[in-house]
Amino acid sequence: MSAQKIVTPLADDGLPHYGYVKLPQILAVIPLSRAGFLCKVSAGVYPRPYKISARAVAWKVEDIRALLATFKQVTPDTIDANVAKAIANRHLSKRARELV
């Protein structure tokens with residue numbers, strides 16, 4: 001038996017290799033609410049969608065990948081001290097926070 005290469009329609013980032021993506025696919029890789037994402041689109045921060053039919057819009061996958069490339073990677077050594085403290089406090093119980 002020869003090994004066959006399995007081709008998946010999605011790249012490593014969870015998006016298709018080419019074409020257009022709809023909002024649910026985008027929100028699967030960008031941790032924002034639908035309203036939050038569309039607010040940034042209307043403000044001009046995120047790319048605008050293309051009209052693909054009379055009642056549907058989609059984004060070019062290249063535009064979304066370019067947007068993802070602009071996001072800053074946060075690692076334990078580059079995280080802001082206030083953010084690290086807030087994350088640590090989230091894990092404490094309510095009673096433990098009252099004692100601190």
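The dialogue below goes from the overall fold to the sheet, then to a helix and to the aromatic rings.

Q: Before we begin, what kind of model is this, and how are its residues numbered?
A: This is a predicted model, in which local features need pLDDT of at least 70, side-chain atom pairs count only at pLDDT 80 or more, and totals for chains, interfaces and linings use all residues. Residues are numbered from 1 along each chain as its sequence is written, and side-chain values use heavy atoms, with hydrogens and water left out.

Q: How many helices and strands are there in the protein chain?
A: Helices (H or I, at least four residues) and strands (E, at least two) are DSSP runs, numbered from the N terminus. Here the protein chain has five helices and three strands, and from the N terminus on its elements follow the order β-α-α-β-β-α-α-α.

Q: In what order do the strands of the sheet lie?
A: Two strands pair if DSSP finds at least two bridges between them. In this structure the three strands form an open sheet with the order β1-β3-β2 and antiparallel pairing. Strands β1 (20–21) and β2 are at the edges with a single partner strand each, so one side of each has no neighbour in the sheet.

Q: Which residues are bridge partners in β3?
A: Strand β2 (residues 50–53) is joined to β3 (residues 56–60) by three bridges, and alanine 58 in β3 is the bridge partner of tyrosine 50. A hairpin of two residues leads from β2 to β3. Strands β1 and β3 pair over two bridges, again in the antiparallel sense, with lysine 60 in β3 as the bridge partner of tyrosine 20.

Q: Which helix packs on the sheet?
A: Helix α3 (residues 61–70) packs there, touching β1, β2 and β3 (contact means heavy atoms within 4.5 Å). The direction of α3 makes about 55° with that of β3, where axes are lines fitted to C-alpha atoms, for helices over the stretch in contact, and angles run from 0 to 180 degrees between N-to-C directions.

Q: Which residues of α3 are buried, and which are exposed on the face turned away?
A: Buried means under 20% relative accessible area, exposed over 50%, and partly exposed in between (1.4 Å probe, protein chains only). In α3 the buried residues are Val61, Ile64 and Leu67. They lie on the same side of α3, because they cover an arc of only 120° around the axis, the arc being that of the directions from the helix axis to the C-beta atoms. Their cover includes β1, α1 (23–29), α2 (34–42) and β3, while the face turned away from the buried side carries the exposed residues Ala69 and Thr70.

Q: How many aromatic pairs does a search of the whole structure find?
A: Rings of Phe, Tyr and Trp (its six-membered ring) pair if their centres lie within 6.5 Å; planes under 30 degrees apart count as stacked, over 60 as edge-to-face and the rest as tilted. The search finds four such pairs. One of them, tyrosine 20 with tyrosine 50, is edge-to-face, at 6.1 Å centre to centre and 70° between the planes. Tyrosine 20 lies in strand β1 and tyrosine 50 in strand β2, so this pair ties together parts 30 residues apart in sequence.

Q: Is tyrosine 46 buried or exposed?
A: Tyrosine 46 counts as buried, at 9% relative accessibility, whereas phenylalanine 71 is partly exposed, with a relative accessible area of 34%. Phe37, Tyr46, Trp59 and Phe71 form one aromatic cluster.
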